[in-house]
Structures are given as C-alpha cells and as structure tokens.
Amino acid sequence: MESGRIKVDYLSRLEGEAALDVTIQNGEITDLQLNVFEPPRFFQSFLVGRKYYELPEITARICGICPVSYQMTALSAIERAFGVQVSEQTRSLRKLYALSQFIQSHALHIYMLAAPDFLGYESVISMASAYPEEVKRALRLKRLGNDLTALIGGREVHPVTPQIGGFSDLPSGKSLQAVAKRLTVAMEEAMDTARLVGQLSVPNIEWDLTYVALSQQQEYAVNGGRLVSNQGLDIDPADYRDYLHERHISHANALHSTMGNGSSFLVGPLARVNLNFAQLSPRAKEAAVLTGVAFPSNNPFHSVAARAVELVHSIEESLQIIDKLAEPRRENGGYIVRAGCGAAVTEAPRGILSHSYCFNEQGVVLEADIVAPTSRNVHNIEEGLRLFIAKHLDLPEEELRQKCEMFIRNYDPCFSCSVHFLKLRVHG
Amino acid sequence: MSGLPKVAIFKFASCSGCQLEFLNLEPVLLDLLGMVDIAHFVMARSAVSPGPYDIGFVEGSIVNAEDVGRLKEARAESKLLVAIGACATHGGLQAISNWLPMREVENSVYPNPVQTHPLKSFPVSEYVKVDAALSGCPINKYELVEFIKSALLGVTPRIRPHSVCVECKLAENVCLLVSEGKPCLGPVIRAGCSALCPSRATPCTGCHGPSSDCNVESLRNTFVGLGLHQSDITRHFRKYAALDAEFQKGGRT
C-alpha cells in the first residue's frame with residue numbers, strides 16, 4: 001500500500017491489551033504507535049508499606065503466565081538485602097521450578113499463540129482438526145510443564161510454596177522420578193517441535209540488533225549470572241538501573257526501555273540463545289540444527305526457533321537436576337530481617353525481569369521497582385516494525401496488517417506485566 | 001457458527017491468570033471445545049464472533065472510565081455474566097491502593113500520570129448485575145469445569161460457601177492457627193482450593209475471598225491474642241478482598 005492506515009484495535013493471541021496504529025503516506029511511515037491500553041494496576045504504589053514476606057506472593061499476581069519468575073526474582077532481591085545464602089538444594093530446585101515454567105510458557109506460545117500465524121489459522125482452536133497430533137502434543141507438553149510447576153509450587157498459576165531460603169514444602173523423590181519418566185518421553189516431542197518449527201517459513205528481517213540476557217559460564221543462565229549484551233555490556237545485574245533506562249511516552253501505559261545511548265534492545269529467548277549457545281544442553285544444540293537457524297541470529301522472527309531450542313534444553317536440564325536431587329531433604333533455613341536494599345534479575349520466559357527493594361528494620365517495603373520483560377521489548381518492537389513495514393509496503397493492506405500482528409506476536413509480549421511497574425521511585 | 005452455547009471471556013485489570021486456567025484444562029480442553037463455542041477469547045484466538053453470548057466470563061477489576069463502558073457492553077451481550085477471580089469478584093490486590101491518595105499512586109509508576117485516567121479499583125458488581133461468581137486468585141480450574149458443566153446441564157452449580165477450615169480438616173492437617181499460633185486466614189476464607197496452603201505448611205492468606213457468614217471480628221481478636229502488631233493485622237485483611245464490608249472492619253487501623 002502506498003498510503004493509508006493500518007489499525008489493529010485489540011491485538012489477539014498475546015497476554016494483555018494493546019493496539020497498533022500505523023499511518024503511511026506516499027510510501028513513508030509518518031506515524032507508528034503500539035498503544036498499550038491495558039488498564040494500570042499500580043502495584044508499585046501499594047507494595048510500599050507491605051512486609052517483605054508478602055513480596056513473592058503479591059508480585060506473582062502481576063503476571064498469570066510467569067508468576068514463577070516474579071517469585072524467583074523477588075526472593076533473590078530480598079535474600080540479597082538480608083544477606084541470605086541459599087543451599088545447593090534450593091538453588092537446584094529453583095532452577096527446576098523456573099525451567100518448568102519455560103516448558104509451559106514456550107509450549108503455549110509456539111503452538112497456541114504463534115503456530116496459527118505460520119500455518120494460516122486464526123487460532124489453535126481452528127487448527128485442531130487439521131493438525132490433531134500437533135495440538136495434542138502441545139497440550140501434553142504444556143500440561144507437563146504445569147504439573148512440574150505444581151509439584152514444586154503447589155499449583156501452576158500463582159504457586160504458594162516458595163519462601164525465603166527455599167520452599168515451605170518439598171516434592172518427594174518418588175514424585176520427581178515420576179515426572180522424570182514423562183520428561184524423557186517429552187524430550188522426543190520437544191525435538192519434534194523443533195522439526196516443526198524448522199518447516200515454518202519465517203519472514204526475513206534483520207537489523208543491527210542489540211540483545212541483552214543473563215549469562216553464566218557453568219550453566220544456561222536463568223536465575224543468576226551477569227547481565228551481558230552483544231555490544232559489550234557486562235554488569236552485576238543488581239546495577240541494572242544504572243545501565244537500562246525507562247521513559248514514559250504518550251501512547252502507552254508501558255514505559256519504553258533503552259540502553260544508556262538511547263538505543264532499543266531485545267530480551268527473551270533469541271537474546272539468550274544468541275548469547276549463551278555454548279551453555280545449551282547437547283540435545284538443545286541438535287534441536288538448533290533442526291530449526292535450520294544459524295545462531296546468533298539478528299532476525300526477531302527466529303525467536304520461535306529459539307523457544308523450541310529452549311524447550312528441549314529445559315527438558316534436558318530438568319532431567320539432569322532431578323537425577324542429582326534424588327530425595328530432597330528438609331532444611332532449616334533461618335534468616336535475620338534487617339534494614340537495607342537488594343536487587344535481582346532473572347530470566348522469565350519472555351526475557352529479563354528486574355526487581356529492586358528497600359526495607360526498614362521491620363522488613364516493611366520502603367521502595368519498590370520492577371521492570372517486566374515486555375517493557376524492555378516495546379521500544380524494540382516499534383523500531384523493528386518501522387523497518388519491517390518499510391520493507392513490505394508492496395503488500396496489500398490486509399496482508400501487511402497480518403504480518404505486523406505476526407511481528408509483534410513473535411516477541412510473545414505480555415502487556416499484563418508491562419503496565420504495572422516501570423519506574424524507580426523513592427518513597428519517603 | 002454451530003448450535004453450541006456461546007462463551008465469551010472478557011479481560012479488565014488483571015494478570016490474565018484466570019483466563020489462562022481455561023487453557024490449563026489441557027486434559028479436558030478438546031472435550032470442552034466440543035461442548036461450547038468459544039466465541040470471544042482474545043488471548044487465544046483472533047476471530048471474534050459477535051454476541052449475544054450464553055455465558056460471559058469477566059476477569060479483572062474495573063479501574064477506569066473506559067472499562068466501565070466496556071463492562072456494560074459485556075453485560076448487555078451476556079445472558080449469564082460470571083465474575084471470575086479475586087479482581088472481578090472483590091477488586092483484587094490492586095484495590096489495596098484504594099486506601100492511598102490517588103495522586104501518589106499515579107506518580108509512583110508514571111512520570112506523566114495525566115495520560116492514564118484511573119479510578120480506584122472496584123469489583124464488577126459495583127457497576128453491573130453479576131449472575132454468578134467464582135472467586136480465587138486464581139480461580140480453581142476444577143470449580144470452573146464444575147461450573148461450566150452445571151451451566152450446560154441447567155442446574156445450580158455447587159459453589160462452596162463454607163470456610164477453608166472444612167477442607168483443611170478433611171485433609172487431616174494439624175491446625176496452623178491453634179497448634180502453631182500462625183496467623184492463618186482459613187476460618188474466614190471460602191473453600192474450593194482443597195486447603196492448598198495449609199496442606200503445604202503455609203498459613204492461608206485469603207486468595208479465595210470471604211466465606212459465608214465469616215466471623216472476621218473473632219479472628220481479629222485471635223490475631224491480637226497471638227501478639228500480632230496492628231499494622232500486620234491490617235495487612236492480612238486488606239489484601240485480596242480488602243473492599244468486603246467484613247474485611248474492611250477486620251482491617252481497620
């Protein structure tokens with residue numbers, strides 16, 4: 001289209017509420033806005049005045065899709081503030097817990113939110129009759145992730161057992177072994193997922209992308225590590241506010257995130273696989289070959305391939321952890337509440353999630369700052385869309401509109417999260 | 001499109017966790033799709049078929065004027081309007097901020113709050129008639145299935161009005177409140193979770209909202225007897241159902 005307007009009033013198959021509005025005049029994009037109209041919930045305001053032990057419980061409610069990440073990040077930040085060291089067992093169980101959510105979230109996105117785009121359906125519901133085996137596989141993988149989350153956390157949405165130092169209740173060795181059997185079967189289904197992704201034809205759009213993720217030498221970083229980028233960033237994640245900035249723009253209830261130099265950046269599965277390919281499990285590296293993508297990739301459409309690779313990795317590392325854990329033992333995790341501040345970053349399925357808190361000597365929250373992964377990506381989505389549309393102006397309007405939706409969906413955005421916390425605020 | 005009952009899922013201020021529970025019904029999801037036509041479910045499908053709908057599920061609390069309008073449209077289009085989850089049934093966690101000055105609340109997140117037009121957070125029933133409510137943060141997916149089955153059969157669903165204590169006793173747990181002196185909200189919170197938290201050595205924090213005829217005053221006195229600080233007692237009652245009349249009394253400062 002030469003001139004006109006592309007409008008999507010309510011973007012579907014993503015979490016939360018957003019709209020797209022693009023104006024094109026004489027072959028030039030004159031205006032492009034990703035409007036996030038998700039109603040604000042102002043978590044940041046009412047966290048101030050709550051007690052430290054409520055943070056994993058309350059912040060989990062920011063996102064129904066990745067509550068596990070909110071709990072892990074909040075706990076790490078609190079433990080940093082109180083100077084709590086967790087045991088090796090807790091560290092392993094937390095990794096397993098976080099990976100279970102990767103399995104659930106990636107299966108949900110690959111099959112239910114993204115695949116209909118690539119296969120030409122409006123939803124997984126209409127896809128079910130033509131692709132019954134694939135849909136059943138998706139449901140099995142997603143259920144497995146959910147069951148593992150529930151085994152450790154008590155339930156899959158807003159789990160209840162994580163607490164400072166560990167968990168209030170531990171899974172038995174026997175129940176973990178039962179899940180391990182299912183994980184072994186699921187490994188082949190995850191490889192089939194990588195094969196399926198390899199058959200999808202994805203649009204080609206590349207630009208000079210900056211990507212940011214946690215990174216660790218000895219393992220595929222999820223709950224810890226340093227915060228790095230392909231442009232030389234290498235910092236203690238607790239210092240995130242000094243390097244990653246937010247600004248409020250008029251058309252969105254989500255703030256835009258930028259690097260110090262004002263440029264946008266990408267977080268999430270593609271950023272992680274690009275930066276941490278060496279730490280992937282052996283089968284995950286095989287899966288990468290099956291997807292046909294040569295990592296590192298600068299094409300955001302390869303996020304779906306990165307998700308498939310991480311699905312395989314999550315299953316394989318879960319098996320390793322369960323093998324090592326054997327029978328989890330009850331631990332006596334004491335800690336002392338003290339005044340101070342703590343910050344932490346973990347990898348949610350959609351990318352880096354940062355929390356920062358300050359407490360008084362009773363453990364009452366004085367300051368809270370949370371930045372969700374989608375807030376990090378919104379600026380990058382808009383920047384990429386401009387390039388993408390400019391390249392596809394020859395397409396008919398309806399097709400261009402669909403391609404734009406597909407481009408946005410590919411980031412697996414979660415606007416429910418992105419709207420609630422964005423800015424550092426010091427309360428007196 | 002088919003002769004099946006039409007179901008719509010509407011989202012307001014929420015985390016999407018309750019609508020995710022529909023997709024978390026994996027083992028019965030395909031069967032469910034054979035029984036109802038999911039006509040409006042933006043998180044899961046692009047196609048939206050217009051109302052009227054036989055059942056409209058509403059997730060989320062109402063926090064701005066635009067949403068009051070959207071809610072009224074949803075009400076008009078739904079024969080049966082069902083509030084799902086603590087946000088829709090009680091205003092949710094975000095209603096905690098109703099006790100804070102609005103200006104302070106807005107400034108805490110947005111540097112330019114004039115753009116966000118918020119009200120305080122209220123349950124759906126504040127603005128429209130609600131035919132049924134499934135409480136919980138999130139809703140319990142087994143209660144959801146039971147509710148849909150009942151609606152399809154045209155019978156009154158069995159929504160548990162009694163307290164978590166009943167399910168906790170059935171699970172044969174040692175009482176955290178009486179035996180361990182921990183501040184458990186179980187006595188005043190509606191069941192339906194199979195005593196999830198107390199069964200995992202964690203006191204109930206109240207995510208299912210008030211049970212019928214709950215004696216909040218008595219529990220408040222028990223908490224005082226346990227030596228809880230006044231501000232902690234307020235935090236316990238001013239949480240998932242802070243706006244409930246009894247809980248407002250329990251959480252008085």
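# Close-up views of a predicted two-chain model

**View 1. The two domains of chain B.** The C-alpha centres of domain 1 of chain B and domain 2 of chain B lie 25 Å apart. In this predicted model, local features need pLDDT of at least 70 and side-chain atom pairs count only at pLDDT 80 or more, while totals for chains, interfaces and linings use all residues, and side-chain values use heavy atoms, with hydrogens and water left out. Residues are numbered from 1 along each chain as its sequence is written, and chains are lettered from A and ligands numbered from 1 in the order in which they are written. Domain 1 of chain B covers 6–153 and domain 2 covers 164–250, and these bounds come from an automatic or database domain assignment. In the contact between them, domain 1 of chain B takes part with 18 residues and domain 2 of chain B with 15 residues, where contact means heavy atoms within 4.5 Å.

View 2. The size of an interface is often given as the accessible area lost when the parts come together. Domain 1 of chain B and domain 2 of chain B bury about 1,300 Å² between them, and 60% of that area is on carbon and sulfur atoms; buried area is the accessible area (1.4 Å probe) that two parts lose on being put together, summed over both. Between these two domains there is a count of 1 salt bridge, a term for a side-chain nitrogen of Lys or Arg within 4 Å of a carboxyl oxygen of Asp or Glu. B:Glu143 and B:Arg190 meet through their side chains in a salt bridge, at 2.9 Å from N to O.

**View 3. The surface that chain B turns to chain A.** Chain B gives 58 residues to the contact and chain A gives 68 residues. The two chains bury about 5,300 Å² between them, with 61% of it on carbon and sulfur atoms. Between chain B and chain A the count is 26 residue pairs in polar contact, both residues being at pLDDT 80 or more. Among the elements of chain B that each supply at least two residues of the side touching chain A are helix 1 (17–23), helix 2 (26–35) and helix 9 (230–237); helices (H or I, at least four residues) and strands (E, at least two) are DSSP runs, numbered from the N terminus.

**View 4. Salt bridges that cross between the chains.** The count between chain B and chain A is 7 salt bridges. In one of these pairs, A:Lys51 forms a salt bridge with B:Asp232, and their closest N and O atoms are 2.9 Å apart. A:Lys142 and B:Glu26 also meet through their side chains in a salt bridge, at 3.0 Å from N to O. This pair crosses from A:Lys142 in helix 6 (residues 132–153) of chain A to B:Glu26 in helix 2 of chain B. Are A:Lys142 and B:Glu26 buried or exposed? Both A:Lys142 and B:Glu26 are buried, where buried means under 20% relative accessible area, exposed over 50% and partly exposed in between (1.4 Å probe, protein chains only). A:Lys142 and B:Glu26 belong to a network of salt bridges that also links A:Arg143, A:Asp147, A:Glu156, A:Arg182 and B:Lys141.

**View 5. Two salt bridges within chain B.** B:Glu143 and B:Arg160 meet in a salt bridge at 3.2 Å from N to O. B:Glu143 lies in helix 6 (residues 141–153) of chain B and B:Arg160 in the loop between helix 6 and helix 7 (164–170), so the pair ties together parts that are 17 residues apart in sequence. B:Glu143 counts as buried because its relative accessibility is 6%, and B:Arg160 counts as buried at 13%. The side chains of B:Lys129 and B:Asp131 meet in a salt bridge as well, at 2.7 Å from N to O. B:Lys129 is exposed, with a relative accessible area of 57%, whereas B:Asp131 counts as partly exposed at 30% relative accessibility.

Technical notes. Polar contact = N/O pair within 3.5 Å; in protein donor to acceptor, adjacent residues only side chain to side chain.
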